[in-house]
Amino acid sequence: MTNPPGQSLERASALPRRAFLKSVLAGSGLLAGGAPWAAAQSLLADPRNPAFRGPNVILVRFGGGARRRETIDRQSTYSPFLCRELVKRGTLYERMEIAQIQGLNTSHGEGTLNIVTGRYDKYKDVGNKFLGARFEPKVPTVFEYLRKSYAVPPHQTLIVNGEDRPDEEFYTFSNHFAYGIDYRSNMLSLYRFKAWLMRRQIAEGKLSDKQIEQKKKELAKWEQLDYRTQGDDRPAPALDSFWQRWREYYSDSGLVNPRGDRLLTELTVRALKELRPKLIMVNYQDCDYVHWGNLSHYTRAVSIMDEGLRQIVEAVEADAEYRHNTIFVVVPDCGRDSNPFADVPCQHHFNSRSAHEIFALFLGPGVPRGAVVDKPVDQCQLAATIGRFMGFNAAFAEKRVLEEAIA
């Protein structure tokens, strides 16, 4: 996509663009401690790009692995809002699949990256950790495409992540040479709040020397996890205010705020009100507790996701700016095993057919209502379809678009 020329910051300010931006960032405290300029610059929208007018997209990962049986099957669903209400308002792909490719895992990190990159890949944990899912996408994500095409700041491209998925904290940008860190999204998670809180507590000077030393060690360990940011993965300025309000409401303890997938719902609803994201992905995950061996852990988690989805939809419908300018995309990261004789039910690691069987639901302006598509489609078609809605070209993604979802 070619961006039309616009007024540059050099003409909007008496200062050169670089000096002007550095002065703004310095005033926000972002350059304290010698933050690299390249990382600080990526915290702003590129003013040379056109403004984004919509539609916004809320991408809900019905995650932790969710089968069709407990979601879109009316006879056995634990998701009544999704299955009996939302599907009437949009276009349901009831036979979406994850491709059967040798070496391709049907798991949470891989499924998430299939969705946001529009490409299948064989991922390997960067630290070679057993069962690790610290993956680095090689091609751009939908967040990077959006930010490179439009003047959208990173705090308006958000991933809301669960506290038990620290590996997925690093999916905010790819390693592609033409995209990457300068077009990163921001992450909302309890993990990120804790890192913000440690920095704030150290700066406030109310802790003992021993406590400060301990928090500095914890913070240094966190900051060194992502070699790509060179220890400086600071949030966008707007997130400082977001986390400050979160702290004022829920305090420092972590004993008051919601946990699990309910936490993700709360973060998302607050983000919609306070940060006004254009593209946000909610990575629900609690279905994965079925690995403890109790099927009710899974079915209860499906119900909690369904309730969270209802709350997010209601928040959008109550907001005049979002109501008629927002597309919802609901899709699992992977399916689950349907073997009734397995010692631990609903696995997803063994490449079974049902682990590849998922669904996708689109709803919002321009999406046909009450449509059911009964043909095989592919999880990797989502990125290009989101690009079609939002007006960017997902150049390195699967080219096929889910045409039935577009009126």
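**Close-up views of a predicted model**

**View 1. Helix α10 spans residues 260–274.** The 15 residues of α10 extend 21 Å from first to last C-alpha, close to the 21 Å expected at 1.5 Å a residue; the expected span is 1.5 Å times one less than the number of residues. Helices (H or I, at least four residues) and strands (E, at least two) are DSSP runs, numbered from the N terminus. The model is predicted: local features need pLDDT of at least 70 and side-chain atom pairs count only at pLDDT 80 or more, whereas totals for chains, interfaces and linings use all residues. Residues are numbered from 1 along each chain as its sequence is written, and side-chain values use heavy atoms, without hydrogens and water. Eleven of the 15 residues of α10 are buried (under 20% relative accessible area, 1.4 Å probe, protein chains only), including L263, L264 and L267. R276, which follows α10, has a positive phi near 55°.

**View 2. The largest nonpolar core contains 50 residues.** Such a core is a set of buried Ala, Val, Leu, Ile, Met, Phe, Trp, Tyr and Cys residues joined through side-chain atoms within 4.5 Å. F62, L188, W243 and L309 touch the most other members. Helix α11 (residues 295–317) supplies the largest share, nine residues. A second, separate core of 49 residues includes V57, I98, Y120 and Y145.

**View 3. W243 touches L188, S189, R192, F193, W196 and L267.** Contact means heavy atoms within 4.5 Å; residues up to four places away in sequence are not counted.

**View 4. S107 lies in the loop between β2 (90–97) and α5 (108–117).** S107 counts as buried because its relative accessibility is 12%. Leaving aside residues up to four places away in sequence, S107 touches D333, C334, H348 and H349.
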